[in-house]
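Visitor: I am new to reading protein structures. Could you take me through this one, beginning with the charged side chains?

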Amino acid sequence: LAVIRRDGFVSLDAGAEEGVLITEPFRFAGVSLCLNMKAPVGEVRAELLAANGTVLCTSESLSGDLPNAAFRWRQGDPATVGDQEVTLRLVARDAQLFSYWIT
């Protein structure tokens with residue numbers, strides 16, 4: 001029996017130099033941002049950006065083998081973003097990103 005992590009068929013990988021993933025604009029309809037990632041020696045952090053590029057929320061860094069991690073926020077609160085259009089920016093170093101979702 002082989003077992004693979006949820007959404008673990010493909011990943012976006014960042015090496016020792018930081019990599020950045022920027023999504024297309026979308027409506028943030030939720031209160032929390034979760035991530036399936038693997039970064040035993042690296043880290044991933046997130047930012048939510050307004051349509052004009054202003055940073056609305058900045059997360060703390062996550063590290064480890066985390067198939068179901070919720071970001072904690074240093075600045076801002078995604079629950080207050082409402083239904084406005086935002087862009088998600090994920091910054092990763094020595095990490096594999098499998099998926100993200102909003103709850």
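Guide: A term comes before the details: a salt bridge is a side-chain nitrogen of Lys or Arg within 4 Å of a carboxyl oxygen of Asp or Glu. Please also keep in mind that this is a predicted model. In it, Glu18 and Arg45 form such a bridge, with a distance of 3.1 Å from N to O.

Visitor: Where do those two sit in the chain?

Guide: Glu18 is in the loop between β1 (12-14) and β2 (19-22), whereas Arg45 belongs to strand β4. They are 27 residues apart, and the pair links distant parts of the chain. Glu18 is partly exposed, at 42% relative accessible area. Arg45 is also partly exposed, at 24%.

Visitor: How many salt bridges are there in the whole structure?

Guide: The search of the whole structure finds five salt bridges. One of them joins Glu47 to Arg89, whose closest N and O atoms are 2.6 Å apart. Glu47 lies in strand β4 and Arg89 in strand β8, so this pair ties together parts that are 42 residues apart in sequence.

Visitor: Is Glu47 buried or exposed?

Guide: Glu47 has 15% relative accessibility; buried means under 20%, so Glu47 counts as buried.

Visitor: What else does Glu47 touch?

Guide: Leaving out residues up to four places away in sequence, Glu47 touches Cys57, Thr58, Thr87, Leu88 and Arg89. With Arg89, the side chains also make a polar contact of 2.6 Å.

Visitor: Which residues are linked in a network of salt bridges?

Guide: Glu43, Arg93 and Asp94 are linked in this way. Within that group, Asp94 and Arg93 form a salt bridge whose closest N and O atoms are 3.5 Å apart. Asp94 is partly exposed at 28% relative accessibility, and Arg93 is partly exposed at 27%.

Visitor: What about the nonpolar residues?

Guide: In soluble globular proteins, nonpolar side chains tend to be buried together. Here, the largest nonpolar core has 22 residues. Those with the most contacts inside this core are Val44, Leu48, Phe71 and Leu90.

Visitor: Which strands supply residues to this core?

Guide: At least two residues each come from β4 (33-50), β6 (62-70), β8 (85-93) and β9 (95-102). Strand β4 gives the most, with seven residues.

Visitor: And what is Leu90 in contact with?

Guide: Apart from its neighbours within four places in sequence, the contacts of Leu90 include Val20, Leu35, Val44, Phe71, Leu97 and Tyr100. Arg45, which bridges to Glu18, is also in contact with Leu90.

Methods: Residues are numbered from 1 along each chain as its sequence is written. This is a predicted model: local features need pLDDT of at least 70, side-chain atom pairs count only at pLDDT 80 or more; totals for chains, interfaces and linings use all residues. Side-chain values use heavy atoms; hydrogens and water are left out. A nonpolar core is a set of buried Ala, Val, Leu, Ile, Met, Phe, Trp, Tyr and Cys residues joined through side-chain atoms within 4.5 Å. Buried means under 20% relative accessible area, exposed over 50%, partly exposed in between (1.4 Å probe, protein chains only). Helices (H or I, at least four residues) and strands (E, at least two) are DSSP runs, numbered from the N terminus. Contact means heavy atoms within 4.5 Å. A polar contact is a pair of N or O atoms within 3.5 Å; within protein, one must be able to donate a hydrogen and the other to accept it, and residues adjacent in sequence count only if both atoms are side-chain atoms.
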